[in-house]
Amino acid sequence: MRQLIFGGILAFGGLITANAQCKTVTTITENFDSWKDIDKCWTVQKGKAMLYASEKKVIFYSMTDPKENMYLITPKVKAGNYTLSLDITDNGGETSLEIFSVGKAIDPKSFVSIAKPQEITKERKVINISLKKDSHIGLKVLLNGVHQAVYVDNLSLKPRK
C-alpha cells in the first residue's frame, strides 16, 4: 500500500514539474523541425479531425469532418502588443485562419477572437495582435472540404514596438 501511495505522489509530482517547465513567454520562434509530436508546452483542440506534427511542420487535416473547430495553442504569452508571422499553406479549396486569445487551453469558452478570419493563401501571414492579459494564442484553422489539409511552419511572435 505504501508503494502505491508513494508511486501516486511521484506521478502527481511529475505532472506538476512538467507543467511548471512551461513558462510565460514574450517571444516564440518555432520552425517545428525537431517536433515528432506536439510539444508539451503547446496544446491542440482537434475535434474529430487530425492536428499533428509531421514533415517539419504542423498539419491540420479534416479527414471526413470538414468545418471541425481545430486550434493550435501556444504556450502562455505575456500581455502586450505583438507581431505574429507564419508560413501557412493548404492543399486546395477554401480554408481560413483566425487568431484567438485563449485564457485556458482546455476551455473553449475562454477563447476570444482577436483577429478576423483570413483566407489562407500561399503568402506568409503577418498579423498584429494585442493581448490585454497573459494568455495563450490560438490559431484556428477552418477547413471546408473532406481530405483537406493546412500546413503551418516558421511561426514567429515578437513584441511590437
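Which side chain meets that of Asp87 in a salt bridge? The partner is Arg124, with N and O 2.7 Å apart, where a salt bridge means a side-chain nitrogen of Lys or Arg within 4 Å of a carboxyl oxygen of Asp or Glu. This is a predicted model in which local features need pLDDT of at least 70 and side-chain atom pairs count only at pLDDT 80 or more, while totals for chains, interfaces and linings use all residues. Residues are numbered from 1 along each chain as its sequence is written, and side-chain values use heavy atoms, with hydrogens and water left out.

Asp87 lies in strand E6 (residues 80-90) and Arg124 in the loop between strands E8 (111-119) and E9 (125-131), so their pairing ties together parts that are 37 residues apart in sequence; helices (H or I, at least four residues) and strands (E, at least two) are DSSP runs, numbered from the N terminus.

The structure holds two salt bridges, and the other one links Lys122 with Asp90, whose closest N and O atoms are 3.9 Å apart. Lys122 is exposed, with a relative accessible area of 62%, whereas Asp90 is buried at 10% (buried means under 20% relative accessible area, exposed over 50%, partly exposed in between, with a 1.4 Å probe and protein chains only).

There is also one disulfide, a pair of cysteine sulfur atoms within 2.5 Å, which joins Cys22 to Cys41 with an S to S distance of 2.2 Å. Because the torsion about this S-S bond is about -85°, the disulfide is left-handed. Cys22 is partly exposed at 26%, while Cys41 is buried at 17%.
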